[in-house]
Amino acid sequence: MEKNLIQNVRETMPLVHNITNYVTVNDVANILLACGGSPIMADDAGEAAEITSICGGLNINIGTLNARTIESMLLAGKRANELGHVTVLDPVGAGASKLRTDTAIRLLEEVRFSVIRGNVSELKALWSKEGTTKGVDADIADRVTEENLDEMVQFAKLLSGKTGAVIAMTGAIDIVADGEKAYAIRNGNPLMSKITGTGCMLSGVVAAYCVANSNHLLDAAAAAVVAMGLCGEIALKRLKESKLNGTSSYRTYIIDAMSNLTDEILEEGMKIEVRS
Amino acid sequence: MEKNLIQNVRETMPLVHNITNYVTVNDVANILLACGGSPIMADDAGEAAEITSICGGLNINIGTLNARTIESMLLAGKRANELGHVTVLDPVGAGASKLRTDTAIRLLEEVRFSVIRGNVSELKALWSKEGTTKGVDADIADRVTEENLDEMVQFAKLLSGKTGAVIAMTGAIDIVADGEKAYAIRNGNPLMSKITGTGCMLSGVVAAYCVANSNHLLDAAAAAVVAMGLCGEIALKRLKESKLNGTSSYRTYIIDAMSNLTDEILEEGMKIEVRS
Amino acid sequence: MEKNLIQNVRETMPLVHNITNYVTVNDVANILLACGGSPIMADDAGEAAEITSICGGLNINIGTLNARTIESMLLAGKRANELGHVTVLDPVGAGASKLRTDTAIRLLEEVRFSVIRGNVSELKALWSKEGTTKGVDADIADRVTEENLDEMVQFAKLLSGKTGAVIAMTGAIDIVADGEKAYAIRNGNPLMSKITGTGCMLSGVVAAYCVANSNHLLDAAAAAVVAMGLCGEIALKRLKESKLNGTSSYRTYIIDAMSNLTDEILEEGMKIEVRS
């Protein structure tokens, strides 16, 4: 794993354009600031491409997509590609509705993404829609376990090969892969799924890390995944200090931990292995 | 009151589709998770009905309604009715603008709701617009007090009769009623009105409780109202541990309390009586 | 400085209509409640003017503007002017895209604002677009420092003269000026820029303070700027109680501090001088 990935973010304060859902947008903005980046949100077609052009990266999240914002996603994505910017896709709910699946597929067809960050179900929806390996649906269950880990790594690498993007597949075990190499990451804990937005926040952090470390996309994305999981662990330890604490404090503590995170803490806490 | 209402939520993790305002949407998602449910937000007409169909319940909140989302509310509501899903209406600001009053009335005309959750002014706006009892405006003041409690209970029961929905009328004293039976609930405290979203959050919790206990809508809605008020009480006690605490910590503590709530805590803390 | 400005807010609970961005809208609502006001959010053209008419003030923030909400801003702004309401403009990102700059300029042309609250870059964008003093861009750097303070004060007074609005220019040093008189304010600290929304929240507080003290707009706006900065200081002191605290706790502590703020605390903590 590359060194100083976090320091690079804190020193360059990468500006990230987010077209994202209104459920978790505040958390995304705050964790982007906490990790050392700088967020801009803008989703009108009248300015989406222009705002992207002043940024270093673009984070597209389809969590509460609508006809108006889909157009903006496409405009911003194409401009970001022209400018060689880092682009992240978070296909929230792909597979849950035709609109989401179709939009995610369309985005993949019209925009090149540096990283795609999703859970297994969402990534499977992207894959199967491409129509080449129906079997993926049948063969790969929706949870990454020790038993199916090799199979999942293989799927992530294939999806990376198809899309040209680094794949960050998050779940009980996270996999971050390009076509050549894959990391399995065991940071984090199940309580993180009891607050909304940990996935969306992670996608924002992935964007910031990748902009600041654009020559090392795979490592930057993996470091962001580790960082988010590790913040979940640090926050859980703190949470247990009082029995009155619950999930809302947990959210606060996760973002707090991100704002205090350093390369040293990351290195000491990372539970990562190469699987390839 | 039925037993194990909360346990039923935690065991079944009901998926609730929310078409809600962007002011408090994050709090609604987080309290839905905290109470044991699972939230999905989707407000585009292109997917509203489809998303509803994979859920167990629908929570419509008109807090920041617009032409686009009103259409989605109607589409999702009708589909939810076809599927026999639990439906909750939170008519935020009905009475404050013609658009809100008209939209709430239209929703009531075109969609059958399982529960309507609002304050007295909002519920009066629903009622008077129906044109049958102009007197309601004059006779019923906007606060539920010990003095007008019987009258308010009567109004809630009448509104329930008209709409076919369980009425959850919240204020200093809360009333939860169907056409036959009414509960008066004295949990909660005035500080809850100093944070935004306690009403919206409650509507989300009502939806989750009702989905998980769909054979006991009245009791489920009443339990949700008690739960929210009780969390307000637990949070207030915690708030007083430090003079530096204020309203933002209060919001955190309320959601924390909800994530720790059990049937035992509920039963011990409920201040509820049957009024009918 | 006028006395009892905060007490006036807490006693009258001014209702403020906000047409604002969805990134920080929840924080704006909560800090409006914390400072003693009462928020309403409504951005549909079908109700924007009507909602404004039941309020005491209007806070327009272009942070995530779009074609639909721009129309609502204009409708609400004009109605607010007809009714003599306090109007606040927060030109978020003016200068960052043509849409934002043009919209801010158009709002200034069609609506009279009581107060404009922005950073130096945003206010410069408003000014230079007017085309009279290109030099402002060249002469005035984007940070207010002790060195350029007099020049910045002069710029604020000129912009106030042009627009008829009190100018609240916030940065390392804040300047609040009308055409005659200016305050320089040194409350606050750099960590405030590491959470999203301190500017948006301040604009909400400015609106509430100005509605409750409408005969003293300059002092009310200055008091709001002091209040926000002072809450940032109080929150920072609290933040240092634990090394685990970070930026998300900081946000909570700022709003907590606002909910506990009194005229006495304000008077004791204000770092303000007249510069004119």
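I began with the salt bridges between chain C and chain A, and the count there is one. The model is a predicted one, so I read every value below as computed from predicted coordinates.

**Entry: chain C against chain A**

I looked up which side chains make that bridge: Arg100(C) and Glu47(A) meet, N to O, at 2.8 Å. I then asked which helices of chain C each supply at least two residues of the side that touches chain A. They are α5 (98-110) and α11 (247-260). The largest share of that side comes from α11(C), with four residues. Sorted by class, the side of chain C that touches chain A holds six charged, eight nonpolar and twelve polar residues.

Next I took the extent of the contact. On chain C, 26 residues are in contact with 26 residues of chain A. I recorded a buried area of about 2200 Å² between chain C and chain A, with 47% given by carbon and sulfur atoms. Within chain C, the residues that lose the most area to chain A are Tyr22(C), Lys194(C) and Leu244(C), which together make up 28% of what that side buries.

**Entry: chain B against chain C**

I went through the contact of chain B with chain C next. It takes 26 residues from chain B and 26 residues from chain C. I noted about 2200 Å² buried between chain B and chain C, 47% of it on carbon and sulfur atoms. Tyr22(B), Lys194(B) and Leu244(B) supply 27% of the area that chain B buries against chain C, more than any other three residues.

Across this interface I found one salt bridge. Arg100(B) forms a salt bridge with Glu47(C), and their closest N and O atoms are 2.8 Å apart. The polar contacts between chain B and chain C come to 19 residue pairs, both at pLDDT 80 or more. I listed α5 (98-110) and α11 (247-260) of chain B as each supplying at least two residues of the side that touches chain C. Of these, α11(B) gives the most, four residues. By class, I have eight nonpolar, twelve polar and six charged residues on the side of chain B that touches chain C.

**Entry: the sheet of chain C**

I traced an open sheet of nine strands in chain C, in the order β2-β1-β3-β4-β5-β6-β7-β8-β9, with mixed pairing. Which strands are at the edges? They are β2 (38-41) and β9 (272-274) of chain C, each pairing on one side only. On average, neighbouring strands of this sheet are turned by 20° against each other, direction ignored.

I checked one pairing in detail. Strands β6 (residues 166-169) and β7 (residues 174-177) of chain C run antiparallel and are joined by three bridges. I noted Val176(C) in β7(C) as the bridge partner of Ala168(C).

I also looked at helix α2 (residues 25-34) of chain C, which lies across β1 (15-19), β2 and β3 (57-61) of that chain. The helix runs at about 150° to β2(C).

**Entry: salt bridges over all chains**

I noted 48 salt bridges in the structure over all chains. One that I looked up is within chain A: Arg275(A) forms a salt bridge with Asp150(A), with 2.7 Å between the closest N and O atoms. The pair links distant parts of the chain, 125 residues apart. I placed Arg275(A) in the segment after β9 (272-274) of chain A, and Asp150(A) in helix α8 (residues 149-163) of chain A.

Notes
Residues are numbered from 1 along each chain as its sequence is written. Chains are lettered from A and ligands numbered from 1 in the order in which they are written. This is a predicted model: local features need pLDDT of at least 70, side-chain atom pairs count only at pLDDT 80 or more; totals for chains, interfaces and linings use all residues. Side-chain values use heavy atoms; hydrogens and water are left out. Contact means heavy atoms within 4.5 Å. Buried area is the accessible area (1.4 Å probe) that two parts lose on being put together, summed over both. A salt bridge is a side-chain nitrogen of Lys or Arg within 4 Å of a carboxyl oxygen of Asp or Glu. Ala, Val, Leu, Ile, Met, Phe, Trp, Tyr, Cys and Pro count as nonpolar, Asp, Glu, Lys and Arg as charged, and the others, Gly among them, as polar. Two strands pair if DSSP finds at least two bridges between them. Axes are lines fitted to C-alpha atoms, for helices over the stretch in contact, and angles run from 0 to 180 degrees between N-to-C directions. A polar contact is a pair of N or O atoms within 3.5 Å; within protein, one must be able to donate a hydrogen and the other to accept it, and residues adjacent in sequence count only if both atoms are side-chain atoms.
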